[in-house]
Amino acid sequence: MRVLLLALGLALVIATAVWWFWLRPRVPDAETVSAAYATPLPPPAEALRVFHLGHSLVGPDIPFMLQQLAQAAGFEDHAYASQVGWGTPLRTHWDPEIEIMGLETVRDQGDWADAREAVGSGAYDAVVLTEMVEIKDAIRYHDSTTYFGRWADLAREAGPEVRVYLYETWHWVDDPAGWTNRLEGDRAPYWENAILLPDLARHPERPAHMIPAGTVMARLMAEIEARGGVDGIPGPEALFGVDDQGRPDKIHLGDLGKYLVALTHFAVLYQRSPVGLPYRLTRADGSPADPPTPEAARLMQEVVWETVTSDPMTGVAQ
């Protein structure tokens, strides 16, 4: 028995070593990363067709708000489709044998399209991918590295001009480690090193880019704190909604949060400042969204643009 345990232990050590040296995600060196993101993407001259793939942190409202922002900026033909589930990882979207929870419900929203067909069609100018949260669990149990790469490759193969984006989301607002601590601490090890950059290692000539919604949230809260508060956003909870029982929702955004994320998508995808865009928008069901105060809207727009233009991984010129 003792010999067997020693043998099993040795096998585990060898397996770990093999994974570490050969199978773990390859993160390119800093010089390669810098070179890949040194040249910003050219700004779109025309309205985009965007495909959104993910889960309830995409939802129906954020793509619809993005469309309204694009149209207000003069891109009247902006169009989109999506495939979202409930807490759905990229792996589940990829594997036809795994059930996508909630898919029957979201198919009735009107903007649904089969993800494999849509991403592989070349009909979309931009493909926005995101991973489920808890992000650490997604990476560990659902192989985010591999499946982000598969979806990104499918988009690249569909057309030479298709742009791929990783939409960085957020955490439960009551996370015991601290919400802003998680936002600030998780981007590099998880969103970048485990998902975005291993894909870059395979395609340094055509990198995927980042839609840094989580980073924007952290910077907005820092700016609000520095100002001693802003009318309409006393703290991060103001960005979140309520659940079906009317209780504070700890992970899903309310209208203010959705507006902030839609602004971030607009700034990255169109590479234009969102400052001055409308802040009274409509939800996907046609009802009016709760607007931010004018002061809060202006600050959101400014923080989004400052964040996006200071982040080379967005592809937006500084």
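A: E134, D175, R182 and D186 are linked in a network of salt bridges. A salt bridge here is a side-chain nitrogen of Lys or Arg within 4 Å of a carboxyl oxygen of Asp or Glu. The model is predicted: local features need pLDDT of at least 70, side-chain atom pairs count only at pLDDT 80 or more, and totals for chains, interfaces and linings use all residues. Residues are numbered from 1 along each chain as its sequence is written, and side-chain values use heavy atoms, leaving out hydrogens and water.

The whole structure holds 15 salt bridges. One of them joins D61 and K258, with the closest N and O atoms 2.8 Å apart. D61 lies in helix α3 (residues 61-72) and K258 in helix α11, so this pair ties together parts that are 197 residues apart in sequence. Helices are DSSP runs of H or I with at least four residues, numbered from the N terminus. D61 and K258 are both buried, where buried means under 20% relative accessible area, exposed over 50%, and partly exposed in between (1.4 Å probe, protein chains only).

D153 has a salt bridge with R156 (3.1 Å, N to O). Both residues lie in helix α8 (residues 144-158), 3 residues apart, about one turn of the helix. D153 also meets R202 in a salt bridge (2.9 Å, N to O). That pair links distant parts of the chain, since R202 is in helix α9 (residues 179-202) and D153 in helix α8, 49 residues apart. R202 counts as partly exposed because its relative accessibility is 41%, whereas D153, at 17%, counts as buried.

Key: Helix = DSSP H or I, 4+ residues; strand = E, 2+ residues; numbered from the N terminus.
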